[in-house]
Every structure is written in structure tokens, then in C-alpha cells.
Amino acid sequence: MTPAQSAISVRGVSHQFGEAGEARHVQALLDTSLDVTRGELHCLIGPSGCGKSTLLNIMGGLTAPTTGTVTVSGKAVHGPMPRDLAFVFQESALFPWNTVFENVMLGMTFQGVAKSERHDRARRALEAVGLLDFAEHYPGQLSGGMRQRAALARALSLETGILLMDEPFGALDEQTRMVLGEDLSVLLARSNKTIVFVTHSLGEAVFLADRVAVFSARPGTIKQVITIDEPHPRKPSFMTAQKFHALRDQLYGLLHDEIRKAMSETAQPRRRYDQAGETDADGKRS
Amino acid sequence: MNSTEQATARGRLLSLLVQLAFLAILLLLWTLATTVWGVSRILLPNPLDVWHQFVAVVSSGAFVPDLEVTLGELAAAFAISTTLGVSLGYWISRSHYLIKVFEPLLAAIYAIPIILFLPLYVLMLGLGPNSKIALGATISFFPIVLSTIAGFGHVDRRFVTAARSMGANDLQLFRYVLLPAALPVILAGLRMGFTVALLSVIASETIASFAGLGHRIVDLAENMETPRMFAYIVFVILVVALLNAVVSKLERQARWR
């Protein structure tokens, strides 16, 4: 695949937290390469601490890799690229002192979008996620699902070609998660956005993704990429189809040993700091 | 209004009644002490005399010069401690190392009775307002600087990461993220700083001074004018309550919803 076709191209990326020999040293990623095709939803799935969130942060320029390169739309990544890609984080990271509307506007303020245009784009983005009626609410007044919709609206309003989503539905209950997944699939069918989506959930990965990259246990690297050949928007009925279950089982088969490996590693007593180390490896608190 | 709200409203009214009854009983005991039990009027004046003096102090405007001195000292002390506390606190909060070094140090100094520095300040700055300002500023500096460090130093990293990912520059990060995130904590520190500045200014006036409300109260005590002294005490209590209510209201308004 040539770089022109791929929205994001990851070449030989390794990442470690701390220096070798230090107590807090963690090799999060090891020589990982990956191409994300324009217009696809690419899931990253793997055991906790495998570095999938770290990879997402590296793609988005929030973390500089120890070695390796990332190019986004043909440009080398050296820092945040707010015009090319927008993030949606697990805990929505909406600013609690601003209303939903102000939150959406603020992203565009940071980008220097003209004031008149900001207003229209914010309305359109909120309409797209069905939150226009809650524009004047504060994040604390919304349910978890609505907060994630608002975070998605904030990302959409930036009108980037690429969305990087870090377990965006991870903190939600099963039903809300499924509904938001369906909505995302509809959105994907309508727009030609490229989405990289980190998840823990096998079902979510199969339901949403065009391709799924399966990570090995730490130090994480991509073990296999499987293709989910099913057009968007995907219906809930897809979840009961034979194909869905076959793919889900295939994913589970690939992940099973890696999850065991990750668990036995975290079970060792010396890893008192591992709680921190693990979130670190996922890049959430680094 | 539903039944739970009604119940809470009724509960609040009841507490208020109990509080008022408590104060009424105190007033009654005070009156009995001065009339029936024969406590010396020089030590404890009759509440009615105090009331007359209070009316006289307020209506004659006799309190104005002293109030001006005290509020002037308070304003200067609070302005100094706010400026120094917030700017120094922000600077310290920018580095994990500085937080680690200075936060425990400042907290330790805050724990010592800083009023012990008053004699030194009087020696250095004289008996006038300057020594009161210095003491008030010193004492109120600590809650302000500590809360500023806490406010800016513990901004949720997710907010910073989110803003950076959307392209916020340093100035935008400060104005739209760090400042609003830290503000509730800083304002709590400012309110506390204001309260201790007020207390220390009045207290130091009672120890060594030429003027001010604290000075007036000591002066009246030394001249055995206890009813007027009590009237001034009541006056100070009302001023302090009013100022604290205003500051608390301002602080509440700035909180996130």
C-alpha cells in the first residue's frame, strides 16, 4: 500500500516509558507497523496494557515514539495535528465548567475557526449526534452516553478527515454502548471519515470495524489484522448473524493466549506500581 | 414543591428557630447576670446600655475613622497576599519538582502561629498601619499560595491532553483550561485568606496600634467604657459577618455547575 492511499501509516514504532533498568520501565510497544486506509474504521484490540492506547496517542502526536515514524495524510507527525485528526477519549474529557455548546465551540476556537462559522458548525455537529436540545446543559447534567455523544460532536465539529477514538464507549453500559455503536456505523456510512478505534470489546470490534488489528501482550505489537467484510451502516441484526459469531470467535481465539499472558504478568507481586504502569502503558495518565 | 422538599424546608426552619432560641437564651442570661445576679456593670454591661451605645456609635458616625483604618489595612494586606500568593503559587505549580519542594515547606510554615512575628513587624514598620498590613499579608499569603498550587497543580490531565489535541496554544490552555479548572480551589483559598487577614488585622490592632476598630475596643476597655466597648464588638461582628457573606457569595457564584 502506498502512503497516498493510507490515511495513517505507522512504521516500526516502539515505545517505552522510563529508562531500561528503572523500576518504572515499561516496554509498551515493540516494532509496530500499521496502515490505516482512508475511509475505514480500524479497530485496535488487545489485552490491557498492550500499548494500543499508546499507539493511538502516538498516531495523534500526543506522545512521541521512542523509535519509528508515523505519517498522517503523507505528513510526518511531530506533535498534535488538530487540522488532520480529532480525538474522542474514554472519559469524555469535556470541560465541566462549559456548557455542551461552549465545549464544542472551544475546540474550534483553539483551531482559529472564524466566530461566525463556529456557531453553525457547532449546531450541525450537535444535530448530527442528536444533542441539539441539550446544548445549554453542563456535562455534569448529562448521562454518560450523552457526554460521549457531546465529545463526538466536539470532534466532528473540527471537520477532520480522521477520528481517533480511545475506548470512547468503554465506561458505558452495554445497551448504551450498542446504540452508540449503531449510530457510529450510520455516521461512517454517511461520511467518509477514517476512524481508529481502540476497544476492549470483541463484539464492538466486530460490529464496528472494517479491519481489526489484534495486539499481543506487552510489549505490544500487532499479531494479526483481520478484515470484517460487511457494509456500513450495520444493523443490529448483524450481531445475531453466523458471520458475526464466527469472526468474534476468531478474534477471541487470537486474543485468548495474549490475555492469559498479560494476566500472569500483572499477577507477579513485584508489580505493586503496575496499576500506574498499566495505565501508563495505555497512555491515559502518562 | 414535593414532600421531601417540604420536609427539608421544615427542617431548615426548625434549625433556624433553635438557633434563634439559643441566642435569645444567651441574651436572657446576660440580662439576668447584670440585673438579678449582680455581676459588676464594669465587667459586664447591661444589654440595654450596650444597645443605646450601639445606636449612638452608628448614628453619630463615630465608627467611620476606625473602620476606614481597619478596612484600609485589610484591603492592602489582602491585595499583597493575593498578588504574591497567586503568582508564586502558579509558578510553583508549573513544575512537579517545585511542588514537591515547596508545598510541604509552605504548609509547615503555615502551621506555626505567625502572629509571633507581630513584635518584629512593629519594630521594623512601626505602630501604624504598615505592621498590621504586613502581618495580615503574611498570614493570608499561606492559604492563598497553597490553594493556588493545589488548584493549578492538580488540573486533570485529560483536560490538558484534550485541549492540546485540539491545537490549544499555551495562552489558550491557560485561559480556557487551567484557569477555569483551578479557579474553584483558588477561590476557596482566597476566601480563607480573606478571613484570616481580617482576623489578624483586627487582632494586631488590639495588641499595638494607633487606630482602627481593634485599637478602639482596647482603648474603651482601658477607660472602663464597657458598654461602648461591647457596642463596638457587636459592630465588628456585624462588619465581619457582612464581609464574609459577600466573599462566600462571590466564591459560590464562580463554582462549576
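**Close-up views of chains A and B**

**View 1. Where chain A meets chain B.** Here 19 residues of chain A are in contact with 17 residues of chain B, contact being C-beta atoms, placed from the backbone, within 7 Å. Helix H2 (residues 100–111) of chain A gives the most to the chain A side, with 4 residues; helices are DSSP runs of H or I, at least four residues, numbered from the N terminus. By class, that side has 13 nonpolar, 4 polar and 2 charged residues (nonpolar: Ala, Val, Leu, Ile, Met, Phe, Trp, Tyr, Cys and Pro; charged: Asp, Glu, Lys and Arg; polar: the others, Gly among them). Please keep in mind that this is a predicted model, with local features needing pLDDT of at least 70, side-chain atom pairs counting only at pLDDT 80 or more, and totals for chains, interfaces and linings using all residues. Residues are numbered from 1 along each chain as its sequence is written, and chains are lettered from A and ligands numbered from 1 in the order in which they are written.

**View 2. Around Cys43(A).** Leaving aside residues up to four places away in sequence, Cys43(A) touches Phe197(A), Thr199(A), Ala205(A), Leu208(A), Ala209(A), Val212(A) and Ala213(A).

**View 3. Helix H9 (residues 213–222) of chain B.** Leu213(B), Gly214(B), His215(B), Arg216(B) and Ile217(B) are buried in this helix (20 or more other C-beta atoms within 10 Å of the residue's own). Their cover includes helix H3 (64–93), H8 and helix H10 (226–253) of chain B. After H9(B) comes Met224(B), with a positive phi near 60°.

**View 4. The two domains of chain B.** Domain 1 (1–39) and domain 2 (64–253) are given by the domain assignment, whose bounds come from an automatic or database source. Their C-alpha centres lie 33 Å apart.

Terms used. Contact = placed C-beta atoms within 7 Å. Buried ≥ 20, exposed ≤ 12 C-beta atoms within 10 Å, placed from the backbone. Helix = DSSP H or I, 4+ residues; strand = E, 2+ residues; numbered from the N terminus.
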